[in-house]
Amino acid sequence: MTKSLLSVQDLRVDFDTYDGVVKALDGVTFRILEGEIFGLVGETGCGKTITALSIIRLVPENGRITQGRILFRAEDLLQKTEEEMRKLRGGKISMIFQDPSVSLNPVFTVGEQTTHIISVHQNLERDDAVRKTIEAFELVALSDPEKTMKQYPHELSGGMQQRVMIAMALSSDPDMLIADEPTSSVDVTIQAQLLKRLMQIKSTRNLAILLITHNMGIVAETCDKVGVMYAGNIVEMGPMREVLKNPLHPYTQGLLAAIPKPETRRTRLPLVKGSIPDLINRPQGCAFHPRCPYAIDVCQAEKPVLLENGPGRYAACHLVNR
Amino acid sequence: MVDLKRYIVKRFLQTLIIVLGISFITFFLSRVAPSDPAALWVGIHARAEQIQRARVELGLDQPLYVQYFIYMGDLLQGSWGTSYRTRQPVLKDLMFYMPASMELAVIGQIIASVVGLPLGVIAASKKNTKIDHASRILAIAGVSLPVFWIGLLLQIIFSRTLGIFPIEGRLDTTIQMTMPIQRITGFFLFDSLVTGNFVAFFDALRHIILPAIALSSYSMGLSLRMTRSSMIEILREKYLKTARAFGLPENTIRFKYALKNAIVPTLMVMGISFSWSLTGAFLVEVIFNWPGLGTYVWRAILAVDYPVIVGVSIIASLIIVIINLILDLVQAWIDPRVRL
Amino acid sequence: MTLHILRKNPLSFISLIIILFLVFLAVFASWLAPYPDAYQGTPHVEDKYQPPSLTHLFGTEYLGRDVFSLVIFGTRLSLTAGLMIVALSVVIGWPLGVIAGYSGGKIDDLIMRTTDMFLAFPSLVLALVIAFVLGPSLINSMIAISVTWWPWYTRLARADAASLKERTFVEASKAIGLSDRSIMVRHILPNTMAPIIVQSTMDLGTAILAEAGLSFLGLGAQPPTPEWGLMISAGRAVAFSAWWYATFPGVFIFLTAMAFNLFGDGLREALDPRLRRIRGE
């Protein structure tokens with residue numbers, strides 16, 4: 001039995017804004033096992049990034065984690081001090097972001113930045129740190145690491161920048177990598193290469209990955225498990241193949257139906273009608289019910305809970321859970 | 001570092017072209033004025049033929065473009081004409097008066113930076129708090145103060161009423177006579193320190209404080225405002241978030257990662273405010289009777305002394321252009337994106 | 001919405017009120033000044049250099065005129081001067097910048113090098129020389145200052161125009177067959193208006209300061225015009241005895257410049273889309 005690495009339990013996050021309090025996360029619960037790739041999917045604004053930032057506790061200033069537990073190897077991250085968290089970030093848990101061109105400091109070479117990170121986490125002499133940097137660059141298949149080290153971020157292509165980010169993230173051999181839309185800002189061929197490399201690294205190092213994306217295609221190719229988020233909740237979760245083949249929640253069904261498939265001869269893509277709800281004044285009951293084609297009375301009254309529906313299969317829907 | 005070298009060469013050439021352009025402007029201005037330079041040179045009681053002779057001597061009978069070439073040739077050889085008023089070579093006069101203005105501008109700039117830069121950084125990191133609002137008001141007050149008025153007020157309050165500082169001038173006349181400062185650079189503060197003339201040093205300090213403070217108000221406001229806004233931009237940048245995500249300690253992030261990005265805009269601010277200081281020094285010099293370029297060109301304007309007006313314009317522009325060039329080069333060295 | 005945000009910033013609101021008050025003073029000067037004949041410069045020599053009192057709030061000056069009335073009249077002069085300077089600079093600089101940014105290439109280079117030249121020139125010296133060459137007067141000093149100011153607007157407009165040039169609507173316009181000139185006038189120019197307006201509002205204060213500076217040096221308004229800078233200059237001679245003559249006009253210059261600058265600053269913060277979202281990103 002693989003051990004549970006990360007367990008997020010009933011995570012709630014609020015944001016203070018001009019217009020009111022935004023309830024961004026409304027009780028997120030999921031679990032990632034060691035060495036597992038967990039895909040977190042959902043449309044923009046559903047709370048995927050906030051979830052990720054909450055795990056490493058880098059929620060923006062006006063955000064507050066109001067409830068929940070985040071257990072990393074049985075230790076609650078929400079109870080740790082800032083200094084303890086700092087050691088974890090980039091050490092045992094690393095996060096990489098979507099657009100590498102703005103995520104790298106423009107006035108330092110990529111080598112310098114990587115070496116900084118390595119020296120912070122692994123008390124090393126400068127030469128050793130430099131050697132580790134080269135190793136990290138080789139790991140992500142950057143050609144000519146020694147030359148690349150001396151270059152500034154703006155001198156590198158988008159794909160190379162992202163590889164540098166991954167190198168930085170993996171340089172201290174973390175147990176888990178959080179990747180927030182890692183391939184959205186590179187084009188498709190690079191995307192495929194990066195993903196392939198990531199998969200290779202994952203198997204050799206038993207690295208767990210929380211992959212955040214809105215692209216179901218990537219999920220299908222890489223993930224072991226998938227969790228579907230909507231308006232700050234996980235609405236469905238389970239082994240990837242099963243969720244894709246047999247989606248339980250109406251929202252998941254809608255998402256999958258909207259993917260254009262070359263076999264179908266339909267002329268129009270089916271839409272999920274409506275748009276994401278106002279997170280300041282959340283709808284009563286199930287957050288999806290205003291857009292749900294199968295909504296019944298109870299959907300408006302009570303908020304559905306994420307219940308097990310088969311081995312490892314979870315759904316938060318009254319219809320499914322009966 | 002090839003791109004750095006290329007950038008340096010590019011900037012040098014640009015500077016050359018600009019300086020050339022400035023010489024056009026100054027030359028053009030001097031020849032376009034209504035009064036007759038020849039008559040001025042010779043003096044009020046000149047006769048017609050004396051004026052004509054003067055005209056030939058001064059080369060004023062040649063076509064304009066020939067005059068320009070003669071003018072440029074002279075400039076490059078260091079022969080910048082002779083002042084109608086002082087009858088001294090303009091270049092010599094300029095070299096004599098320049099250090100006084102430079103010293104004033106430098107001290108003013110130091111005061112402005114020492115106050116403005118740290119306040120700007122603090123205001124940015126404590127955005128929207130009372131400190132921030134107070135700083136913004138201070139900055140705007142700084143750039144709204146008429147320099148000549150605040151100078152006058154300072155004189156009235158501190159010199160006349162309170163008697164702490166002298167009213168005008170660079171140095172007490174008694175000290176000038178009994179313990180003169182040996183002239184090495186022309187910067188009184190520097191020269192007196194270096195030669196161990198401490199009495200004169202403190203006297204020079206007393207004299208420079210009020211005018212420097214008056215001068216610094218605008219630059220301080222500018223520095224504060226621009227430092228604050230560039231720090232806000234930088235603190236907001238995503239790469240700082242990434243640095244945090246990788247576990248870098250907060251101190252490193254602030255003082256290494258953020259600060260290095262702040263150097264470039266800070267230098268830019270200092271360049272702009274120093275250029276302003278140089279022009280503002282003019283007004284301050286008039287109020288405090290400071291024997292610098294400002295007073296010199298002021299008297300030249302009153303006396304319609306063209307060679308001086310032209311000479312001062314050129315030298316002031318040259319200083320600004322050179323300072324901007326140096327600042328640009330330093331920026332390019334620190335921030336590689338500038339070299340593009 | 002801009003007004004709403006502006007009102008949330010109390011400083012900008014106060015400065016707006018001050019500006020409106022000053023405009024009010026300027027327009028109704030003849031009715032508001034307690035001694036309206038001060039404008040004509042009618043001397044009451046027997047009253048000269050009276051300290052501030054209830055009859056003369058700001059005291060009197062060398063001709064015995066009421067300084068308070070003079071300052072009020074000066075409001076009109078300074079506000080007009082500031083407006084004209086900015087207007088002139090904008091009228092010259094803005095189109096030039098649009099042409100430079102849109103045309104690119106050699107035209108851009110030519111215009112920008114010229115701009116750089118003017119910018120490298122110490123503005124005060126240039127303004128002085130021009131004012132001197134044209135002859136000292138209020139109008140000439142305004143022209144002189146405008147000649148040193150237009151480059152700033154050119155730079156601003158050029159940067160904006162250059163980025164607009166890349167936008168698809170420009171390509172679309174060209175595809176329809178619009179001439180470059182039409183595109184510039186009908187599309188680029190209006191779209192570059194916003195930063196120009198913000199900048200010119202902010203510059204009004206500095207324009208007033210610059211004009212007062214030139215008048216102080218004697219190259220702007222001539223006596224006995226009640227111009228603030230000129231009054232400070234005249235007041236300088238008696239600064240240690242009749243301090244009120246030089247002080248009060250300066251206070252007004254400061255207040256006016258401060259009001260415009262504060263307002264402009266608030267305007268800039270309100271219109272900056274990034275700074276606008278103060279809470280919640």
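## Strand E3 of chain A

In this predicted model, Ile37(A), Gly39(A) and Val41(A) point one way from E3(A), whereas Phe38(A) and Leu40(A) point the other way, and all of them are buried. Strand E3 of chain A spans residues 37–41 and is mostly covered, with five of its five residues buried.

## Pairing of E3

E3(A) is joined by five bridges to strand E8 of chain A (residues 208–213), and the two run parallel; within E8(A), Ile212(A) is the bridge partner of Leu40(A). Four bridges join E3(A) to strand E9 of chain A (residues 225–230), again in a parallel arrangement, and here Phe38(A) stands opposite Lys225(A).

## Contact between chains A and B

Where chain A touches chain B, 23 residues of chain A are in contact with 18 residues of chain B. On the side of chain A, at least two residues each come from helix H2 (82–88), strand E6 (93–96), helix H3 (100–103) and helix H4 (110–121), and the largest share, four residues, is supplied by H4(A). By class, this side of chain A divides into twelve nonpolar, eight polar and three charged residues.

## Contact between chains B and C

The contact between chains B and C takes 34 residues from chain B and 34 residues from chain C. On the side of chain B, the elements giving two or more residues are helix H1 (2–32), helix H6 (130–144), helix H7 (147–161), helix H12 (250–288), helix H13 (293–302) and helix H14 (306–334). The residues on this side of chain B comprise 27 nonpolar, six polar and one charged.

Terms used: Residues numbered from 1 in each chain as written. Chains lettered and ligands numbered in written order. Predicted model: local features only at pLDDT ≥ 70, side-chain atom pairs only at ≥ 80, totals over all residues. Contact = placed C-beta atoms within 7 Å. Nonpolar A, V, L, I, M, F, W, Y, C, P; charged D, E, K, R; others polar. Buried ≥ 20, exposed ≤ 12 C-beta atoms within 10 Å, placed from the backbone. Pairing = 2+ DSSP bridges.
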